[in-house]
Amino acid sequence: MANKNIPLVDLKAQFDFIKGEIYEAIKQVLESQCFVMGEEVRLFEKEFADFCGARHCISVASGTAALHLALVACGIGEGDEVITVPNTFIATTEAISYARAKIVFVDIDPATYTIDVDQLEQSITKRTKAIIPVHLFGHPANMKRIIEIAQKYKLKVIEDVAQAHGAKLHGQSVGTFGDIGCFSFFPAKNLGAYGDAGAIITNNDVFAKHIRLLCNHGREKKYEHEIEGFNYRLDTLQAAVLRVKLKYLPQWIEARRKRALYYKELLHNLPLIIPQEAPGCYHAYHLYVIQAQKRDIIRTSLSQQGIETGIHYPLPLHLQNAYRYLNHCKGDFPVTEACANSIISLPLYPELSDRDQYDVAQTIHKVLSFEQARKAITIGGTN
Ligand SMILES: *Cc1c(COP(=O)(O)O)cnc(C)c1O
């Protein structure tokens, strides 16, 4: 059978498009021999803050570092509880543990894969200090309700925006609704560096100043340390790469949205759940996640055609060995668990062609109509 060779993400296609500018940007950093902080980093922070419509941006070494610093800046520590979801990448909860706080899970809303705001209040205790909503797959969490609840209980809100650069709610960028927004620029993210990188945005001057100190050994001057901090700075080379890519981000997100719309057209009428956009939301489509009863059969058929898929995420965090100590069991977060058994991430990136998308959809159509026919025969036989 013809191998179509369609990857889940194609970073090489993007690189080919911006190669000239990237080489030039890297060359300039090499010529300057400035590798930590400096002008490129300062300019990237300014440009990324503008892109998000935030007052401050502090660039950091990774998305995980961003989340950790955000929690420290909010004063979260031993004995505090932080609420997040079990269907996220482990970095979200690792950061809570780094801050020595306790992880408290709340299940997700099946329509958006983000925190179920109707279950949020019942998980708040006297020890709860913060909520970390995750804008998973690029879809905004219900920030209006989250902020209302946070204000009622005087909780901090730290947004995990690692998958949602450019996503908006009523025209406002996610990451600017809570106290602090945390981004990852891991290479495969919608805005990806050529290594690890991340950023924090905030409109709060006090948090911004504190985080800037924390990420650079607690200093303002070279050998004068106001506090003990971390080495969580962004590399200059990464800032230079990110500045080139940031210029294209709006058009790349638009291209992702067009691809998502085309999938919607191609996959309609099939027994699948396709991604939805809640009212007022601008989905950034970091991942195109569908749900199917016949998940594994579909994945196998796509794979046989050379079409790569993913599962984000196959084992929810509350069932991971790393969190056995939290004493959760199967059934604790039924929506997350049901999703984990039926989700498939389809190839989606700006450079994907109509033809490739059509082939992905055709393969799914074939599998499902075959399965339907098989079922009809089986039912006919038993009658
Ligand atoms: C990628 C990701 C992170 C962590 O980012 P790193 O830059 O890899 O440290 C955090 N949260 C979510 C939801 C992510 O997808």
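Predicted model: local features only at pLDDT ≥ 70, side-chain atom pairs only at ≥ 80, totals over all residues.

Strand β10 is mostly covered: 5 of its 5 residues are buried, where buried means under 20% relative accessible area, exposed over 50% and partly exposed in between, with a 1.4 Å probe and protein chains only. Ile 180, Cys 182 and Ser 184 point one way from β10, while Gly 181 and Phe 183 point the other way.

Residues are numbered from 1 along each chain as its sequence is written, and side-chain values use heavy atoms, with hydrogens and water left out.

Who sits beside β10? β7 pairs with β10 in the parallel sense over 3 bridges, and two strands count as paired if DSSP finds at least two bridges between them. Ile 158 has Ile 180 in β10 as its bridge partner. β11 runs antiparallel to β10, joined by 4 bridges, and here Phe 183 is partnered by Ala 199 of β11. Ala 199 turns up again as the bridge partner of Ser 59, for β11 (residues 198-202) is also joined to β1, by 5 bridges and again antiparallel.

Now zoom out. The open sheet has 7 strands in the order β1-β11-β10-β7-β6-β2-β3, with mixed pairing. β1 (56-60) and β3 (102-105) stand at the edges with a single partner strand each, so one side of each has no neighbour in the sheet. On average, neighbouring strands are turned by 25 degrees against each other, direction ignored.

Two helices are worth a look against this sheet. Helix α3 (residues 63-73) lies across β1, β2 (81-84), β7 (156-160), β10 (180-184) and β11, and runs at about 165 degrees to β10. Angles run from 0 to 180 degrees between N-to-C directions, and axes are lines fitted to C-alpha atoms, for helices over the stretch in contact. Helix α4 (residues 91-98) packs on the sheet too, touching β2, β3 and β7, and its direction makes about 145 degrees with that of β3. In α4, Ala 91, Thr 92, Thr 93, Ala 95 and Ile 96 are buried, and their cover includes α3, β2, β3 and β7. Just after α4, look for Arg 100, which takes a positive phi of about 65 degrees.

Next comes a helix pair. α1 (residues 11-32) and α7 (residues 236-246) pack at an angle of about 140 degrees, with their axes 9 Å apart. They are therefore oblique to each other: under 35 degrees counts as roughly parallel, over 145 as roughly antiparallel, 65 to 115 as roughly perpendicular and the rest as oblique. Their contact (heavy atoms within 4.5 Å) involves residues of α1 including Ile 18, Ile 22 and Val 29, and residues of α7 including Leu 237, Val 241 and Val 244.

Last stop: Gly 331, in the loop between α9 (295-304) and α10 (334-342). Leu 319 is 12 residues from Gly 331 in sequence and 10.0 Å from Gly 331 in space, C-alpha to C-alpha.
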